[in-house]
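Could you walk me through this model, one feature at a time? I am new here and would like to learn how to read it.

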Amino acid sequence: MASTYNYLGIELMATGENAGTWGTKTNTNLNVIQQAASGYHSQTIAGGVQTTALLITDGDSSSTTDSLTNAARNQVIELTGTITGNQIVTFPDATEGLKIVFNNTSGGHTVQLKGASDGGSGTTFSTTDKGKKMVYMSGSDLIEVTLATDPAGSTTQVQYNNSGAFGGDANFAWVAADGLLIDSEKEIRLGDNTGSGFVGLKSPSAITGDTGYTLTFPAATGAADEVLSTNGSGVLSWVAMAGGTSWQAVITAATKTAVAGEGYFIDTTSNACNLTLPSGTLGDEVAVIDYAGTFDTNNLTVTPASGEKIQGGSADATLTVATERAGFTLAYSGATQGWLLKNN
C-alpha cells in the first residue's frame, strides 16, 4: 500500500513501505511540523498586476527565501518587493492552521489574500496598509481573524471596547503626572447589584478660579457619627458632628466648669451651684436647665472666664438665676458683648 499525505504534506507511511528510508522521511516529516508550528518565510511579490500562488509540496520540507514551493506551510509569511500594480496572493485549499501575513511591500497598491479556488474576496491590505493580518483557511475560503491591536483616539486616551474594536474618547484620558482624567462633567457611576440603579459622582460645571482642586481622603474609616471635614486645602479628616448639644448627667455639686457644646441638668436641691463658663470662641454654646425646680431656693450663679462678659455687662460680672424651672442657652458673640442669652 502506497504512502499518503496530509494537508501539511507530511508523508503517512504504510506498513512495509519505504524500507531503509524511514529515518530520512521521519526527519523530513519533523521538519514539516516545525515549519507549520513556527516557520518563517520571506516571499517577494514584486512587479505589476499578478497572482502569486503560495504552495505546499508533499514530502518536501525545503524552505528557501522567495521559493513558492512550501511558502504556504510556514506560520509567518512576509511579503516583500516593490509592487507596481494590485496583487493577489493565494493559499492552497484546506490549508489548516493560523497564518500571520506581513505586508512589507513598497508601492501604493493593494494586496489581496484568498484561497486558490476561492471565489470570495478573502481579505485585502489597502494601498497604505503595511501591517499584519492573521488568517486561516476554511475549506477553500480564506478567513481573516480580526484582532483589535491598534489603539483608537489620540495619545493618553484610555481604551475601551467599542463594538469589538478599541475606542478612545478625548474626555477619558490618562495624564501621567496626575492620573485618570474624566473631563466635560462626565460621571463616575457606582452601580447596584440590579444593574439599573447607580450613584454618580461628577464635577460642577465650573470650578472657582478655573484651576481645580483635589480631595485627599482619610487613611481610616473614622468613629461612629463622625463626619468629613476639610482643612481648607482639600485634605479631609473625620471629626465629631457639630451643631447638637451634648447633654451631661445631672450635676449636684456646688461648682462645675462648663465645656462648649454641652448642656447641663443642674440640681440645687441641697446647695447652690456656681457654673464657670469656658473661654469663649465665636459660636460656642452652653445650655442649662433647672433639674429639680429649685433655682428659686438655691440659686445658680454663672461666672464667665476671666476677663469675659455676660450680656454685655462688665468684665467678670456674674449672672444669677433665681427662677424656678429656668432653662436657657448662652451663646458666645465675641469680646464686646460676650455670652448672650439665646433663649430665656
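**Reading the model together**

Q: Is Tyr213 buried or exposed?
A: Buried means under 20% relative accessible area, exposed over 50%, and partly exposed in between (1.4 Å probe, protein chains only). Tyr213 has 60% relative accessibility, so Tyr213 counts as exposed. Keep in mind that this is a predicted model: local features need pLDDT of at least 70, side-chain atom pairs count only at pLDDT 80 or more, and totals for chains, interfaces and linings use all residues. Residues are numbered from 1 along each chain as its sequence is written, and side-chain values use heavy atoms, with hydrogens and water left out.

Q: Where does Tyr213 lie?
A: Helices (H or I, at least four residues) and strands (E, at least two) are DSSP runs, numbered from the N terminus. Tyr213 lies in the loop between strand 17 (198-201) and strand 18 (226-230). Thr211 lies in that loop, between strand 17 and strand 18, too, and Thr211 is exposed, with a relative accessible area of 68%. From Thr211 to Asp66 the C-alpha atoms are 62 Å apart in space, and the two residues are 145 apart in sequence.

Q: What is the order of strands in the open sheet of five strands?
A: Two strands pair if DSSP finds at least two bridges between them. Here the order is 3-5-7-10-11, with mixed pairing. Strand 3 (40-44) and strand 11 (141-145) are the edge strands, each pairing on one side only.

Q: How many bridges join strand 7 to strand 10?
A: Four bridges join strand 7 (residues 99-103) to strand 10 (residues 132-138), and the two run antiparallel. For Phe102, the bridge partner in strand 10 is Lys132.

Q: Which side chain has a polar contact with that of Thr303?
A: A polar contact is a pair of N or O atoms within 3.5 Å; within protein, one must be able to donate a hydrogen and the other to accept it, and residues adjacent in sequence count only if both atoms are side-chain atoms. The side chain of Thr303 makes one of 2.9 Å with that of Asn274. Thr303 is found in strand 25 (residues 300-303) and is buried, with a relative accessible area of 18%.

Q: What is the phi of Thr156?
A: Phi of Thr156 is positive, about 85°, although Thr156 is not a glycine. Thr156 sits in the loop between strand 11 and strand 12 (160-162), and is partly exposed at 43% relative accessible area.
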